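Good morning, colleagues. Please have the sequence and the model in view.

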Amino acid sequence: MAGQTDTILTTILEGIDKGELNPGDAIDENALMKRYSISRTPLREALLRLEAMGLVERQPRKGATLFKPTLEEFLAILEVHAKLEGQAAALAARRMTPADAIRLEEVVQACEDHVADKGDSDPDGYYQLNLKFHTLVAEASGNPFLLDMIKMNARKLLAYYRARYRYAGAIAESAREHRELARLITSRQGAAAENYMSRHVQFDRVTVMDLLAAM
C-alpha cells in the first residue's frame, strides 16, 4: 500500500516539475487508479500528503486540484522562496567544492549557449536549464533540509517561473544573472551572492498580476 501511495505521489510531483500539471488543474483520480491498477485508498493517502505540503486543494464535490495562489498568497510564498534561495547561495559560497564549481559552470554555459543559439525561442527548454542551475546551487549549500524546503516551496511557483520565460528578453536576462551568481558564489562572496539570488528569483507586483491572469 505504501509503495502505491509513493508511486502516485511521485507521479504528481513529477507532473508539476515537468509542467504537465499546472495551477488549478484537476487531479483525475479515476485515470490514475486505472493507469496504476490501484484502489482509491492509496490515491487518497497520496492526495492527503500533497495537501499537507500545500500543493493540492481538496473541496467537497469538486475533487482535488493543484494549488493556485491568489495574488496575496503568491507574494507571500515568493517572499519566503527568495529568502530560502538566497540562503542557499550564501551557504554554497562557503561550501562549494571544486566538483560543484565545474558542474555549475557547465550549466551556466548551457544557459548562455541557449541564448546564443535560440534567443527567446524554446522557453520550456531554457526553463529546464534554470531548474538545474538552482538545484545545483541548493545542493552545493550542503544542507539537505534547506534543499527540501526550496523544492517544496518552488513547486507552488514553478508554472509561473516557466511562463515568465515567454516574455521577450527574459531568457537572456536570466542567463546573465546566472553568470553573475556563479561568479559571486565561486569567488566566495556569500553576502553578495545571497542578496543577488534573492533579487534574481523575485517578481515585481505587476508581473505577478500578469502571470496570475494568464494562468
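Let me begin with the aromatic rings. The count comes to 4 aromatic pairs, where rings of Phe, Tyr and Trp (its six-membered ring) pair if their centres lie within 6.5 Å, planes under 30 degrees apart being stacked, over 60 edge-to-face and the rest tilted. Between Phe74 and Tyr160 the ring centres are 5.0 Å apart and the planes stand at 80°, so this pair is edge-to-face. Phe74 belongs to helix α4 and Tyr160 to helix α8 (residues 158-164), so that the pair links distant parts of the chain, 86 residues apart. Helices here are DSSP runs (H or I, at least four residues), strands being runs of E of at least two, and both are numbered from the N terminus.

A word on the basis of these values. This is a predicted model, in which local features need pLDDT of at least 70 and side-chain atom pairs count only at pLDDT 80 or more, while totals for chains, interfaces and linings use all residues. Residues are numbered from 1 along each chain as its sequence is written, and side-chain values use heavy atoms, with hydrogens and water left out.

Are Phe74 and Tyr160 buried or exposed? Both Phe74 and Tyr160 are buried, a term that means under 20% relative accessible area, with exposed over 50% and partly exposed in between (1.4 Å probe, protein chains only). For Phe74 the relative accessibility is 0%.

The rings of Phe74 and Phe203 also form an edge-to-face pair, with centres 5.8 Å apart and planes at 65°. Phe203 lies in the loop between α10 (190-200) and α11 (205-214), and Phe74 in helix α4, so this pair ties together parts that are 129 residues apart in sequence. Phe203 is buried, its relative accessible area being 8%. Ring pairs join Phe74, Tyr160, Tyr161 and Phe203 into a cluster.

I turn now to the packing of helix α4. The axes of helix α4 (residues 71-95) and helix α6 (residues 123-140) come within 7 Å and cross at roughly 60°. Axes are lines fitted to C-alpha atoms, for helices over the stretch in contact, and angles run from 0 to 180 degrees between N-to-C directions. The two helices α4 and α6 are therefore oblique to each other; angles under 35 degrees count as roughly parallel, over 145 as roughly antiparallel, 65 to 115 as roughly perpendicular and the rest as oblique. On the α4 side the contact (heavy atoms within 4.5 Å) is made by Glu85, Ala88, Ala89, Leu91, Ala92 and Arg95, and on the α6 side by His134, Val137, Ala138 and Ala140.

How do α4 and α10 pack? Their axes are 7 Å apart, at an angle of about 150°. That makes α4 roughly antiparallel to α10. The residues of α4 in this contact include Ala82, Gly86 and Ala93, and those of α10 include Gly190, Ala193 and Met197.

Finally, two individual residues. Gly15, placed in helix α1 (residues 2-18), counts as buried at 2% relative accessibility. Beyond residues up to four places away in sequence, Gly15 touches Glu20 and Leu21. Glu29 lies in helix α2 (residues 29-36) and is buried, with a relative accessible area of 11%. Leaving aside neighbours within four places in sequence, Glu29 is in contact with Arg40, Leu43, Arg44, Leu47 and Ala64.
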